[in-house]
Amino acid sequence: MPLKPWCVYCVGASSLLTLIIGISLALSNVFPGFLQSRVKTEVVLKNGTEAFEAWADPPAPIYMQFYFFNLTNPGEVLDGERPAVVEYGPYTYREYRPMEEVVFQENGTRVSAVNRKTYIFQRDMSRGPESDLIRTINIPAMTVMERFKDNAVLANLISAYMRSAGIGLFSTHTVGELLWGYEDSLLKALKVLQPELDDVFGLFYKSNASNDGEYMFFTGQQNYKDFARVDTWNGKSSLDWWTSDECNSINGTNGASFHPVISKNEVLYMFSSDLCRSLYAVYTDDVAVKGIPGYRFSPPFEVFANLTLNPANAGFCVPAGNCLGSGLLNVSACKQGAPIIMSSPHFYQADEKFVQDVFGMRPKKDDHQTAIDINPLTGFILQAAKRLQINVYVKKVPDFSETGNVRTVVFPVVHLNESVVIDDASAKKLQLIIVEKNVVENIPFMLIGVGILLGAIFMFLMCRQNVPESTVAERQPLLSS
Ligand SMILES: *[C@@H]1O[C@H](CO)[C@@H](O)[C@H](O)[C@H]1NC(C)=O
Ligand SMILES: *[C@@H]1O[C@H](CO)[C@@H](O)[C@H](O)[C@H]1NC(C)=O
Ligand SMILES: *[C@@H]1O[C@H](CO)[C@@H](O)[C@H](O)[C@H]1NC(C)=O
Ligand SMILES: *[C@@H]1O[C@H](CO)[C@@H](O)[C@H](O)[C@H]1NC(C)=O
Ligand SMILES: *[C@@H]1O[C@H](CO)[C@@H](O)[C@H](O)[C@H]1NC(C)=O
Ligand SMILES: *[C@@H]1O[C@H](CO)[C@@H](O)[C@H](O)[C@H]1NC(C)=O
């Protein structure tokens, strides 16, 4: 007995219907859109949300690693030779950075907080103890000489004192002292003249167990793109160290959180108080961290490029018009007048001149670029490495014989790598969201698949209807069973 025709047409109609639904769902993007809008409403800084918990107390371990440059030829440098340095590191600290004094404002559209950072030394992840000695530029001395260079009387007085006390252009201190502070004999002597002076010097002096000021963040409640975006820092919505409004603006988040639903052509802004400026990162690669897909964002070359390559950087030349070249940032004004120049480690992406000026610089993209791997749906950071180098601008100061015949050089002192990799518990949670996303995104295609299958069955049945009765009869039991 032949199959009832209406039944065959029924299969055909279902095939067509599933195909239409499948294709229109695929084209209209309704399922991914639905998931995205759910993530957008869930990723807000609001007491109780997972995003808030992760923002207030980052679950993944953060490590701060320092690599010091030990000067090997101080005598030659005073005679005008190129400095030769050997890198020692890492000296690793576990960094804890909870948000504290968290207060929600104005119906939860903004939240104020301070970000207290505490550093605990990790001997097992370091090349040596904090008591390792490093010979480098005497930063307090360089700062003092720079400050008094135009006052011949004081300069000669200070220079005489330095000679009698045996203070030179270079000094040797432990890693711990250089980072967290030591009493400096020159500063101590100057304190007699200027009692308000602090006689302790350290690159991260007073940075342990303290915060960099009060932040006001947007919560992302009104617009998901504003999630964790800095509104004001220490009550101000812009900086005043630079010479243009664009350069002084505080843009983006603090670099530790990003808004959800990120696309490849987005520009991610962040403000870094260490670097005394805002910067941005752009998409460079697709990555996977612990099986979770991510986009890698990195600051492009233009961010630190010279004026020919990026005229917008004119505002970072201080004093106005005094530009140092690609890859360098004069942060003197934001570091109490110390002649500090920031760059990428080993002058990565800086002018070749700076690399050549110091023997021992080997810039390498993988080791020295700043990169942030972000899960594009949730905005969650999968892995990040912020890399900086602290340098001192060294030059001959006429009234100070301590500087000898030193050539003008951007002298590297230490470079750091502040990094994080997502913890396993957060990775598991994120994986569930990714699985859900994959399933949901594939529903239209599954429907299309089912439609095609039904279509094939329909064609098959149609052919069967049209073949001679005898052959159909032979196979009939198969179909009607
Ligand atoms: C969040 O809620 C908990 C429990 O209700 C409360 O103890 C805590 O103070 C709240 N935090 C903030 C920042 O409002
Ligand atoms: C750095 O150089 C100084 C002087 O040569 C030396 O005493 C010190 O041990 C060196 N530091 C390291 C970590 O090797
Ligand atoms: C930072 O402060 C904490 C707590 O006050 C202390 O345990 C830790 O040893 C300090 N770290 C350094 C590098 O001094
Ligand atoms: C801050 O953002 C504005 C507008 O997007 C831009 O013009 C300016 O250059 C940015 N500033 C910095 C320092 O990135
Ligand atoms: C900027 O850098 C480029 C390439 O290194 C160079 O050709 C140009 O002269 C530099 N411009 C200035 C103003 O230094
Ligand atoms: C860095 O900036 C400070 C303060 O604006 C200035 O006095 C100093 O000369 C600058 N250094 C260089 C090397 O241009």
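**Close-up 1. Helix 5 provides the largest share of the lining of the second largest pocket, namely six residues.** The view is taken from a predicted model, and the space in this second largest pocket amounts to about 1,200 Å³. Its lining is made up of 42 residues, and those that lie nearest the centre of the pocket are Gly202, Leu203, Tyr205, Lys335 and Gln336. Besides helix 5 (139-148), the elements that each supply at least two lining residues are helix 8 (185-190) and a series of strands, including strand 4 (110-121), strand 8 (200-201), strand 9 (210-218) and strand 15 (340-343). Strand 17 (381-394) and strand 18 (409-421) also contribute at least two residues each to this lining. Sorted by class, the lining of the second largest pocket holds 24 nonpolar residues, together with nine polar and nine charged ones.

**Close-up 2. Ligand 2 sits among Asn70, Tyr88, Arg127, Leu133 and Arg135.** This shell consists of two nonpolar residues, one polar residue and two charged residues. On the side-chain part of the shell, a polar atom of Asn70 lies 2.3 Å from an oxygen atom of ligand 2, while an N or O atom in the side chain of Tyr88 is 3.5 Å from an oxygen atom of the ligand. Leu133 takes part through its backbone, where an N or O atom lies 2.7 Å from a nitrogen atom of ligand 2. Of the 360 Å² that ligand 2 exposes when taken alone, the protein buries 62%.

**Close-up 3. Ligand 5 is surrounded by Asn306, Thr308 and Leu309.** Two of these residues are shown with their polar side-chain atoms. In Asn306, an N or O atom of the side chain is 2.4 Å from an oxygen atom of ligand 5, whereas in Thr308 a polar side-chain atom lies 2.5 Å from a nitrogen atom of the ligand. Ligand 5 has 360 Å² of accessible area on its own, and the protein covers 36% of that area.

Notes. Residues are numbered from 1 along each chain as its sequence is written. Chains are lettered from A and ligands numbered from 1 in the order in which they are written. This is a predicted model: local features need pLDDT of at least 70, side-chain atom pairs count only at pLDDT 80 or more; totals for chains, interfaces and linings use all residues. Side-chain values use heavy atoms; hydrogens and water are left out. A residue is near a molecule or strand if one of its heavy atoms lies within 4 Å of it. A polar contact is a pair of N or O atoms within 3.5 Å; within protein, one must be able to donate a hydrogen and the other to accept it, and residues adjacent in sequence count only if both atoms are side-chain atoms. Accessible areas come from the Shrake-Rupley method with a 1.4 Å probe; for residues, only the protein chains shown count as cover. On a 1 Å grid over the protein atoms alone, a cavity is a set of points where a 1.4 Å probe fits but cannot get out, and a pocket is an open set with protein on both sides within 12 Å along at least five of seven lines; lining residues have an atom within 4 Å of a point. Grid points are joined across faces, edges and corners, and a volume is the space filled by probe spheres set on the points. Helices (H or I, at least four residues) and strands (E, at least two) are DSSP runs, numbered from the N terminus. Ala, Val, Leu, Ile, Met, Phe, Trp, Tyr, Cys and Pro count as nonpolar, Asp, Glu, Lys and Arg as charged, and the others, Gly among them, as polar.
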